[in-house]
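Subject: Structure handover and notes

Dear colleague,

Here is the structure I promised to pass on to you.

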Amino acid sequence: MEQPNGPALRAIGTTAAEFERDLVSNLYFERGTTMESASAQDVYQSLAVTVRDRLVDRRARTATAHQAANPRCVYYLSAEYMLGRQLRQNLQYTGTEEVARDVLKGLGVSLDEIADFDVEPSLGNGGLGRLAACLLDALATADIPAVGYGIRYDLGLFRQAIVDGAQVERPDDWAFDGSPWEFPQQDDRQAVGFYGRVEVEAGRRRWIPEETVLGEPSHMLVPGYGTQTVNIVRLWRARADSDAFNLADFAAGRSAEAVQEVLRSENISKVLYPADSTEFGRELRLKQQYFLVSCSLWDIVRRFHLRNSDWTVFADKTVIQLNDTHPALAVPELMRLLVDEYELDWDTAWSITRRTFAYTCHTLLPEALETWPVALFERLLPRHLEIVYAINQTHLDEVESRFPGDGDLRRRLSLIQEEPERRIRMAHLAVVGSHAVNGVAELHSRLLAETTLADFARLWPERFRNVTNGVSPRRFLRLANPRLAALISERLGGEGWLTDLDQLRGLAALAGDSEFQRRWRVVKRDNKLDLAAYVRAATGVVLDPDALCDVHVKRFHEYKRQLLKLLHVITLHDRLRADPGADVPRTVVFAGKAAPSYHAVKRIIQLINGVAKVVNADPAVAGRLTVVFLPDYNVTRAELIVPAADLSEQISLAGKEASGTGNMKLALNGAVTVGTLDGANIELRDRVGADNFFLFGVDAACAAEVRRGDYRPGEIAGSDPELAAALAAIADGRYGAGFGDVLDTLLGRDEYLTLADYRAYLDAQDAAAAAWRDPARWTAMSIRNTAHCGFFSADRTVADYRDRIWHADPVPVPPR
Ligand code: 26W
């Protein structure tokens, strides 16, 4: 349990001497060694503890301030968090980076070497998980009381290796060497039930679980930037009861059976599901979701009761944001707690529940909208099924009263899908149980209200809002791109822009300034040298730091159209073999993971590596075109690639990418976007100006139209010689045999209109090449992109959530 205001604190000194004293004593008392015999891991762990302790004090004062203020608190429920490495962040947020660098130097050690021992806890798949981390960072920076809840997976998102051009997945045991950033709290364990039956006791329905697992929290500190607030993210780990090990089996030599119970329990938080847009429908996944929800709601109610006793103020003190449908079970779970455990009447409980929850949807893909078989639900969560039915009854009664006799509407709005199999629609449950529903970009929120959730938007238009995503400028500019951050602070007269990103607008006036342009280009080139050094070490591929650095980095999915980028590369290969001057010197960087069972895109990864191998070995294009696939893309890799990028590929089919956040990170770091009118690309183009954005392709309405119509990709291929040549090159096996399956997806259905947008895309790329040939023009475009990215700060996103959904006020935390 957290102790506010703690003992007299030794570890808050800011001088180099005090820092060194604490580091050396942590080495001695935490690791039992001295600098003379310490390993790099020892130094890393001790450095981490030394920095962490400087945050603990702020955390204690935050807890004290929150206890006293009894504020409205934001609880963020997410199955995924991509927090990134913590050491540099915490050094920057405690203002000890330079002190640490000097002290370590004095001890004969380089901070950069030690920092490489910092392991990123990759407890997420992609956009949704990273957004959660950026929002927590911005919440703390805004002094808003908040707790993030998640699952402490033992194994994070798989590590990706490329073997003979193909993705190979390896387990990611991120805490193998122990993570110094987490605080396990065994005394806060919580029992979570599964299966069993429902009984009636004293007229009340009571769930008797057949199986229980313990949920043990460990939290990580979430410091605000330039403020005292330190919030937390609480991650739940499944533990077996201490008597789960079956000694009798063991004594009888049945050792596997002996640990069965233990494994079954701890399996729940063993591994993150690596799917980022296709539901898995596995029982263990549903158990993970209920495990997260049960532990978190128990903790939220416990915190409420620390300061309040009257349930009627629960929704005034508590707002729970559902990060997509993955934690949507929180709706029936809160109802179960209020009605079954705390014996409130149904209507009071329902009113509290609705006023407490808000739901963010992060996708438009039908296959990503989770539904669970009623049969599985009934077996695993029998009481929750009853509650879902009761909620559905209340809901459909309201629908009937508002739209009498419209059976179709009731069927469409029901929480239960009846055909072909009875399944629970988790998005419907989240909408019905929430007072606010938002998409993550203007187009996305509009399409949600017009298509996916149109019937609900008609029923409750007042609930539907938009909150466009944002990114943390602390992580994705200050930390990832210190060279650019220093140049910006120099020209803007300080670091105010880091917590007020609109100040970047001050750079626009310098867009044409030749000296500033020169400095801007030097920064970008030095970042490209860093990337080149890493790429050479990791893949052997040599990058030219003066070439146009063209990046397509994100999860692999057909709608993100990595294949369109590849068709461009193949066409460039053809053009350059015919005319070396056909394009500007260009480096194309691909990076991203594919869900292990998503074979179609794993084939695309193989083809990309096939193309890279041939192009990079082709003397006809040497020095003109280089292609590299960078393995194991994650937050740390993004921090290396984003600052080095010149051209940002945001080429998804319009209407498919809910928002995108990589687009924001790249533009913020001076990359110019080539993109479609999809997700937040639209708002990005509106902000940076159409002249500073290479637009192409059909828009969402047209894409839907073409999809509805008689679309013939084969004919497009037939009518465009360059496209036909590129497809033929694949068919002929120029980049490796047997990629007919990839061609079939294009010449067959071409679900994501890759061929339809090909020519427009090539034209946009030619326009980009033309701009790149004029360094003054390109650099001005680059500077304007950064200058006009203020809107895409996660601080603005949090301010919007505050104004439109959370209505939670900051609680200032006094300095010591
Ligand atoms: C059931 C499996 C599953 C797992 C994760 C389905 C869907 C998801 C996520 C919602 C996928 C995701 O990460 N969506 C991305 O969320 C980002 C943050 O809002 C957006 O910027 C991206 O456009 C969106 O694809």
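Two strands are said to pair here if DSSP finds at least two bridges between them, and the strands themselves (E, at least two residues), like the helices (H or I, at least four residues), are DSSP runs numbered from the N terminus. Please keep in mind that this is a predicted model, in which local features need pLDDT of at least 70 and side-chain atom pairs count only at pLDDT 80 or more, while totals for chains, interfaces and linings use all residues. Residues are numbered from 1 along each chain as its sequence is written, and side-chain values use heavy atoms, with hydrogens and water left out.

I begin with strand β4. Its residues 146-151 are buried in 6 of 6 cases, so the strand is largely enclosed by the rest of the structure; buried means under 20% relative accessible area, exposed means over 50%, and partly exposed lies in between (1.4 Å probe, protein chains only). In a regular strand the side chains alternate between the two faces of the sheet. In β4, A146, G148 and G150 point one way and V147, Y149 and I151 the other, all of them buried. This strand pairs in the parallel sense with β1 over 4 bridges, where Y76 has G148 as its bridge partner in β4. It also runs parallel to strand β12 (residues 230-239), to which 5 bridges join it, and there V147 has I232 as its bridge partner.

Two antiparallel arrangements are also worth a look. An open sheet of 3 strands has the order β15-β17-β16 with antiparallel pairing. Because β15 (371-373) and β16 stand at the edges with a single partner strand each, one side of each is left without a neighbour in the sheet. Between β15 and β17 there are 3 bridges in the antiparallel sense, and T371 has R425 of β17 as its bridge partner. Elsewhere, strand β9 (residues 197-201) and strand β10 (residues 204-208) pair in the antiparallel sense over 5 bridges, with E199 opposite R206 of β10. The hairpin of β9 and β10 has 2 residues between the strands, and in this hairpin A202 takes a positive phi near 50 degrees.

That brings me to the backbone. Most residues other than glycine have a negative phi, and most peptide bonds are trans. E343 has a positive phi near 55 degrees and lies in the loop between α11 (330-341) and α12 (346-356); with a relative accessible area of 46%, E343 is partly exposed. A cis peptide bond, with omega of about -20 degrees, joins E419 and P420, and P420 belongs to the loop between β16 (416-417) and β17 (423-425).

Next come the rings. The structure holds 19 aromatic pairs, where rings of Phe, Tyr and Trp (its six-membered ring) pair if their centres lie within 6.5 Å, and planes under 30 degrees apart count as stacked, over 60 as edge-to-face and the rest as tilted. Among them is the stacked pair of F694 and W778, at 6.0 Å centre to centre and 20 degrees between the planes. This pair links distant parts of the chain, since F694 is in strand β25 (residues 693-695) and W778 is in helix α32 (residues 775-787), 84 residues apart. Both F694 and W778 are buried. Y801 and W806 are stacked as well, at 4.8 Å centre to centre and 15 degrees between the planes, and both Y801 and W806 are buried. Ring pairs also link F304, W311, F314 and Y342 into a cluster.

The charged end of K665 sits over the ring of F476, 4.4 Å from its centre, and that of R796 sits over the ring of F791, 3.8 Å from its centre.

With best wishes

How values were computed: Lys NZ or Arg CZ within 6 Å of the ring centre and 35° of its normal.
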